[in-house]
Amino acid sequence: AAPVQTPEEKKREFVAALRERFHDAPTYEKLDEWKRGIGRVRFFPFSDDEIYFFRPFRNAEFKGWVQSLQQTAQTNPAVAEELLKERILSACILWPPRAAEDISTMFAGTIDTLVDQIREASNFIAPQEAAMMVGEW
C-alpha cells in the first residue's frame, strides 16, 4: 500500500503543482504567513488556469463598506451592490495580486461566485442552512 500523506505533505504538493503552473503563485511559506496573520485563507479553482486565494472579511470592514455606500444605496441600490462586491474583492483577494483591478476582464460569473465564497468564508450563510447547523446542549 502507498504511504498515506499527511495534511502538511498534501499542502506542500498542492503548492508545488500550483507554482509549476503559475510561477508567481504564493509559496507555501507565504500561504502559511497569510494563515498566521489572517486566520482563514481559502482558495477557489474555477479551472486549471484560473484560481483565486482569498480571505474572509471582518465585521468592522463590512460595516465600513456598507456605511460608505449608504447614500448610493438610497439613490441606486443596484450600483451600491456592485460597488460593495468590488470592495469585497479588492480587500479580500490575496492572489492573483491584481485580480480586483481586473474585474472588467473576469468572466461574467466569476465576480458573483467569488463574492459568494468570500461571504460564506466570513460566516454569511443562508438562514435555512444555519438553522440546520444549530444544536442544543
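Helices here are DSSP runs of at least four residues, numbered from the N terminus. The model is predicted.

**Stop 1: helix H5.** Select residues 77-92. H5 has 16 residues and reaches 22 Å from its first C-alpha to its last. Now colour its buried residues: Ala80, Leu84, Lys85, Ile88, Leu89 and Cys92. Their cover includes strand E2 (50-54), helix H3 (59-68), helix H4 (70-75), strand E3 (93-95) and helix H6 (108-121).

**Stop 2: Lys85.** Lys85 counts as buried because its relative accessibility, 10%, is under 20%. Glu82, at 40%, is partly exposed.

Asp112 is partly exposed, at 36%.

**Stop 3: helices H1 and H2.** Select residues 7-21 and residues 28-38. The two helices pack at about 120°, their axes 9 Å apart. They are therefore oblique to each other. Glu8, Lys11, Arg12 and Val15 of H1 make the contact with Tyr28, Glu29 and Leu31 of H2. Three of these contact residues are nonpolar and four are charged. Pick out Glu8, Arg12 and Glu29: a network of salt bridges links them.

**Stop 4: within H2.** Show Asp32 and Arg36, four residues apart in H2. Their salt bridge brings N and O to 2.9 Å. Asp32 is partly exposed at 33%, while Arg36 is exposed at 61%.

Across the whole structure, a search finds eight salt bridges.

Key: Residues are numbered from 1 along each chain as its sequence is written. This is a predicted model: local features need pLDDT of at least 70, side-chain atom pairs count only at pLDDT 80 or more; totals for chains, interfaces and linings use all residues. Side-chain values use heavy atoms; hydrogens and water are left out. The expected span of a helix is 1.5 Å times one less than its number of residues. Buried means under 20% relative accessible area, exposed over 50%, partly exposed in between (1.4 Å probe, protein chains only). Contact means heavy atoms within 4.5 Å. Axes are lines fitted to C-alpha atoms, for helices over the stretch in contact, and angles run from 0 to 180 degrees between N-to-C directions. Angles under 35 degrees count as roughly parallel, over 145 as roughly antiparallel, 65 to 115 as roughly perpendicular and the rest as oblique. Ala, Val, Leu, Ile, Met, Phe, Trp, Tyr, Cys and Pro count as nonpolar, Asp, Glu, Lys and Arg as charged, and the others, Gly among them, as polar. A salt bridge is a side-chain nitrogen of Lys or Arg within 4 Å of a carboxyl oxygen of Asp or Glu.
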